[in-house]
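Please take a moment with the sequence and the model shown here before reading on.

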Amino acid sequence: MTQYPAVVIGPLFPDGAKAMVDLCERFGRYGMYSQENVESDLGQGLGQRHDSVLNFLKTGGRFGRHEDLKTLARRTNYFREEYAYGQTTLIDGIAPYLNHTAFAEAARAVHDRPIVEPAIVFANLMVPGQELATHTDVPEFRGANRKVMPQWLLVAMHHSGLFEPWRMPIATGVAWFHDCEGGEFAYYPDGADGPPVAHQVRTNTAVVFDADSVFHGVDRIASNSDEMPPLKPGMHLTYVGDKQWVVIAEDGSTEVARYRWDELRFSVSWKAYCFADERARDTWRAGGDDLSLDVVLERLISDLRARERILGPLPSKAEIALMIIDEYIVFPEPTLV
Ligand SMILES: [Fe+2]
């Protein structure tokens, strides 16, 4: 059983969470998270996170609750916006979060690497009844990232262990700035075959871990209804004052749903590259020793042959894509209620 360190931080800010809640309101408008698409010859027609969607449909989520496709989509279409990218801040007041020393210290502990470069900060807003399917985050390798390769392939590459020399270790922090009913952060610090930990969300606290290796998700947020509003891509969530949030339809004006602040789940994610030394950081910056898609496929296919998943002639590209997901990304079993 592999054990992955997870560092719990709290309190994150000595003077409380109010500044971050104000910042969230000030930002005001949150689009629905829809994945950027990289069309690839391999696995044409597969969704970006075909791996976690497939597993979610198969298992019905962490608690094995099977529902129709439409409801499952509504439960997982949440809202997300970036607050910072590299050292570029997209809203005033985010710098203390982006460059928080507790995050950098925790990141060093998670990857045992001294050089930490914050890469991105983004906010996630989820509404009652929503949940986040168990997954690992999309990793990066030199020359291979979500801009040039499908996300499921990057995830499978990391789980295969075949591309470690090219991997860019990333530490992920997730922080919460209000209490939330339900919506536990569920993760598997002992690996997919170990027991899950359901971490209760509490204001002004954070967890830092290796989200590319550790399976994690968000349990369902408390709701007084089994019905979900018809949430779909193109909608956005907007702060309308007086501690109220409204989901607006694609037409930009029709109100789809209205929530009180305390019904939502608000988290802010932080990601940073972790380097062993300056030379490793400089190699990454200079773009040397990059992986190419051809090299990636060659390695995976010869490994699939060695594992006797491929016998004889090469299957179609679509079959290879599904085989890669199935062989390398081994999800935790659902927790039975
Ligand atoms: Fe994640």
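The paragraphs below go through a sheet, a helix and a single residue.

This is a predicted model, in which local features need pLDDT of at least 70 and side-chain atom pairs count only at pLDDT 80 or more, while totals for chains, interfaces and linings use all residues. Residues are numbered from 1 along each chain as its sequence is written.

Helices (DSSP runs of H or I, at least four residues) and strands (runs of E, at least two) are numbered from the N terminus. Seven strands form an open sheet with antiparallel pairing, in the order β1-β10-β7-β15-β5-β3-β4, where two strands pair if DSSP finds at least two bridges between them. Because β1 (7–9) and β4 (88–89) stand at the edges with a single partner strand each, one side of each is left without a neighbour in the sheet. Strand β3 (residues 79–85) runs antiparallel to β4 and is joined to β4 by two bridges, with tyrosine 85 opposite threonine 88 in β4.

In helix α8 (residues 293–306), the buried residues are Val296, Leu300 and Leu304, a residue being buried if 20 or more other C-beta atoms, placed from the backbone, lie within 10 Å of its own, exposed if 12 or fewer, and partly exposed in between. An α-helix has 3.6 residues a turn, so residues three or four places apart point the same way. The face of α8 turned away from its buried side carries the exposed residues Asp294, Glu298, Ser302 and Ala306. After α8 comes glutamate 308, with a positive phi near 60°.

Glutamate 25 lies in helix α1 (residues 18–27) and counts as partly exposed because it has 14 C-beta neighbours inside 10 Å. The C-alpha atoms of glutamate 25 and glutamine 244 are separated by 9.8 Å, although these residues are 219 residues apart along the chain.
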